[in-house]
Amino acid sequence: MTEDLKTYLNKLISSVEGLLAIVITDRDGVPVVKAATEQAPELALRPNFLGTFGMATDQASKLNLSQNKTITSMYKNYQVVQMNKSPLLVTLIATRSANTGLLLEMDNYLLDVLKDLQQVITAS
Amino acid sequence: MGCCNSCFGADKEADYAGIPDERSRLLGSTTRTVQTQPVSGESLSSPVPTGAPPKDEQSALTRILTKTARNVIDVATIEGQGMEQHEYHERARHYGQKVNVVMANKNKSLKPFLPNGVSAPQIVLAAQPISVGDIELISNAAFKAAKAMKDVKVQHKEDLVVAFGVP
C-alpha cells in the first residue's frame, strides 16, 4: 500500500519539470514517506537537513508576521521548498531552474495524502 | 532616619492615598481594586484571603516568563538537537508500518489531479477549433496595435508638476 503512495508521489515528481524529490517527514525530520529520483542530492535527504526546517519554521513564526507556512531556499544548483503542515513537514527538492510557483502549488495535490498521513503521526 | 521612615507608616499613607511610587507593586492592581470597592454586606461576609496576592503575583510572573520564553527567537537551540541513529531507524520503521495500515484502510485510489486552471476540461476539449480567419484577424489586430504603440511619442509642452496656490 505504501507503494501506491510512492507511485503517486513519483507521478507528481514527473509532472513538474526539475522536481527531484518529495519527502514527508515528522517534526524531527524522520521520513514518513519519501519519493526521490536518482538526481536528488543525497545530503538534502538526510534527517539533519530535513529536521532543521521544523525548528526554523517555529522560530520564523515569532516575527509577528503570523505563522510561517513555507521556506524556500535557493542554492547554486538546487532549490528546496519546505512546507509546514503540522504535525508533518513537506520538503520538495528541485533543480535551480524549476518553476518555484509550481512547487509551491504542490501542496494542493498533497492535501489528501497529508490528511491520511497525519493519522500516522497522531496515532504514534 | 530614612530606614525608619517605612516603619512609621509612610508607605501605608502613600498606599492609602492611591499615589503610585517606586515601592508600589506593579502586579498588585487586582488586590487594590478589591480594596477600593464599596463595602457591602457580601464583601464583609467573604473577605479576600491574605495569601491570595503573593500567589497571583507568582502565577502572573510565571505567565510572563513562559510567554517571553515562547516569543524569544533562539537560534542556538537548533544546534545540538540530534537524534540517535537507532531511534531514527526505529521511528522510521514504525511510521512505515503505520502508513501501510492507513493506506490499506483507504478506499479510493490516489490519482494526480488535472491542473487547477481547467475546472471543466470536457467543455474546452469538445469546443470547435478556432478558424484560420479568426486567427489571422487577431494576429493582424495585435500587429497593428503593437505598431501603433511604437509610434506613440510624447511631446513636451509644459511642466507636469505645477506650483499650485503658491504666491
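**Stop 1: salt bridges within a chain**

Select A:Arg46 and A:Glu42: their side chains meet in a salt bridge, 3.4 Å from N to O. A salt bridge here is a side-chain nitrogen of Lys or Arg within 4 Å of a carboxyl oxygen of Asp or Glu. A:Arg46 is partly exposed because its relative accessible area is 41%. The cut-offs are under 20% for buried, over 50% for exposed and partly exposed in between (1.4 Å probe, protein chains only).

A note before moving on: this is a predicted model, in which local features need pLDDT of at least 70, side-chain atom pairs count only at pLDDT 80 or more, and totals for chains, interfaces and linings use all residues. Residues are numbered from 1 along each chain as its sequence is written, chains are lettered from A and ligands numbered from 1 in the order in which they are written, and side-chain values use heavy atoms, leaving out hydrogens and water.

Now pick A:Lys85 and A:Asp107. Their closest N and O atoms are 3.0 Å apart, in another salt bridge. This pair links distant parts of the chain: A:Lys85 sits in strand S4 of chain A and A:Asp107 in helix H3 of chain A, 22 residues apart. Helices (H or I, at least four residues) and strands (E, at least two) are DSSP runs, numbered from the N terminus. Buried or partly exposed: which is A:Asp107? A:Asp107 counts as buried, because its relative accessibility is 18%. A:Lys85 counts as partly exposed, at 22%.

**Stop 2: the largest core**

Select A:Leu19, A:Leu92 and A:Leu117. Among the 35 residues of the largest nonpolar core, these touch the most other members. Such a core is a set of buried Ala, Val, Leu, Ile, Met, Phe, Trp, Tyr and Cys residues joined through side-chain atoms within 4.5 Å. H3(A) brings the largest share, 9 residues. Now show what surrounds A:Leu19: its contacts include A:Leu12, A:Ile93 and A:Met106, not counting residues up to four places away in sequence. Contact means heavy atoms within 4.5 Å. A second, separate core has 9 residues, including A:Val23 and A:Leu50.

**Stop 3: chain B**

Color chain B by secondary structure. There are 8 helices and 0 strands. Buried residues make up 7% of the 167 residues in chain B.

Select B:Arg93 and B:Glu90. Their salt bridge brings N and O atoms to 2.9 Å. Both lie in helix H6 of chain B, 3 residues apart, about one turn of the helix. B:Arg93 is partly exposed at 47%, and B:Glu90 is partly exposed at 45%.

**Stop 4: where the chains meet**

Show both chains. In contact are 30 residues of chain A and 31 residues of chain B. Between them the chains bury about 2700 Å², 66% of it on carbon and sulfur atoms. Buried area is the accessible area (1.4 Å probe) that two parts lose on being put together, summed over both.

How many salt bridges are there between chain A and chain B? The count is 2. Zoom in on B:Arg91 and A:Asp26: they form a salt bridge, with the closest N and O atoms 2.6 Å apart. On the side of chain A that touches chain B, H3(A) gives the most, with 11 residues.
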